[in-house]
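Take a first look at the model below. Keep the sequence beside it as you read.

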Amino acid sequence: MVLINLNFMKTYIAILKGINVGGHKKIMMADLRKMLCEISYIGEVNTYIQSGNIVFKASEENTDVLENLIQQKIADHYGFKVSTIVLSKENLSSIIDSNPYAEEEIKRLHCCFFKTDPILENRQKLEIFDASPDTFTVGNSCMYICCATERYSKSNINNSVAEKILKIECTTRNWKTCTKLLEMLENL
C-alpha cells in the first residue's frame, strides 16, 4: 500500500453515468470506495447515495487522467464501462455559483454535466431547442434545467435530449445532490 500525503492533494468529485438504475450496472458504494483507494493518486474517498457520486482527494490534477483511471478500475473489476466525469472543487463551485435559476424551488432544478465541450454548431442547436414548459440554460460545461414541475422524468429537456443534440456524453444530477457534493468537498 502506498502512503500519500493528503494535505497536498486537491479535492474532486466524480459522477458516474447510469449505474444502479433499474438493476443495471450495479455497483456497491462500499466496493467502489475500496477500489478507488487502490489507485495510487487517489485518497480519502467518500460517496453520496447509490447513483455514483464520489468525493475524493487526488495528487493527480489532470481530470482526464482521473476519469480514465476511475473508468478503467471499474471496467477491470466489474467488466463494464461506466462514463465518468471528474470536476475539481473549484469547477463545481463555479457551476453552482452560476446557476441562473437560483431563486427557483430546489426540487425543480437539475444540472446536466457535459463530459466534453460540445462543438459550437451543436451547442447552438441545443440553445434553440423548445423545451416548453420547462426552461434551461446552457453553461460552459453543463446545462441548467428548471422543470415546470418537480417531475424531471416528465421533462421535455433531459439527459437523453442533450446527448442527442450535442453528440457528447452527459450525466444529470438534481440540484440537491449538486449542493450536497459541494458541501462534502468543502468538508473533506
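What follows goes from strands to a helix and then to charged pairs.

This is a predicted model, in which local features need pLDDT of at least 70, side-chain atom pairs count only at pLDDT 80 or more, and totals for chains, interfaces and linings use all residues. Residues are numbered from 1 along each chain as its sequence is written, and side-chain values use heavy atoms, with hydrogens and water left out.

Start with strand E4, residues 84-88. Helices (H or I, at least four residues) and strands (E, at least two) are DSSP runs, numbered from the N terminus. Is E4 buried or exposed? Here buried means under 20% relative accessible area, exposed means over 50%, and partly exposed lies in between (1.4 Å probe, protein chains only). In E4, 5 of its 5 residues are buried. Thr-84, Val-86 and Ser-88 point one way, while Ile-85 and Leu-87 point the other way.

E4 has a neighbour. Strand E1 (residues 10-16) runs antiparallel to E4, and 5 bridges join them. Ala-14 has Val-86 in E4 as its bridge partner. Two strands pair if DSSP finds at least two bridges between them.

Now turn to an open sheet of 4 strands. Its order is E6-E7-E5-E8, with antiparallel pairing. Strands E6 (135-138) and E8 (170-174) are the edges, and each pairs on one side only. From one strand to the next, the twist averages 20 degrees. Axes are lines fitted to C-alpha atoms, for helices over the stretch in contact, and angles run from 0 to 180 degrees between N-to-C directions. Strands E5 (residues 109-114) and E7 (residues 142-146) share 5 bridges. Helix H6 (residues 175-187) packs on this sheet and touches E5, E7 and E8. Contact means heavy atoms within 4.5 Å. The direction of H6 makes about 90 degrees with that of E8.

Charged pairs come next. Side chains of opposite charge can pair when their charged atoms come close. A salt bridge is a side-chain nitrogen of Lys or Arg within 4 Å of a carboxyl oxygen of Asp or Glu. How many salt bridges are there? The count is 8.

One of them joins Lys-17 to Glu-163, with the closest N and O atoms 2.4 Å apart. Lys-17 sits in the loop between E1 and helix H1 (29-37), Glu-163 in helix H5 (residues 159-166), 146 residues apart. Lys-17 counts as partly exposed because its relative accessibility is 24%. Glu-163, at 19%, counts as buried.

Lys-115 forms a salt bridge with Glu-67, at 3.0 Å between the closest N and O atoms. Lys-115 lies in the loop between E5 and helix H4 (120-127) and Glu-67 in helix H2, so the pair ties together parts 48 residues apart in sequence. Both Lys-115 and Glu-67 are buried.
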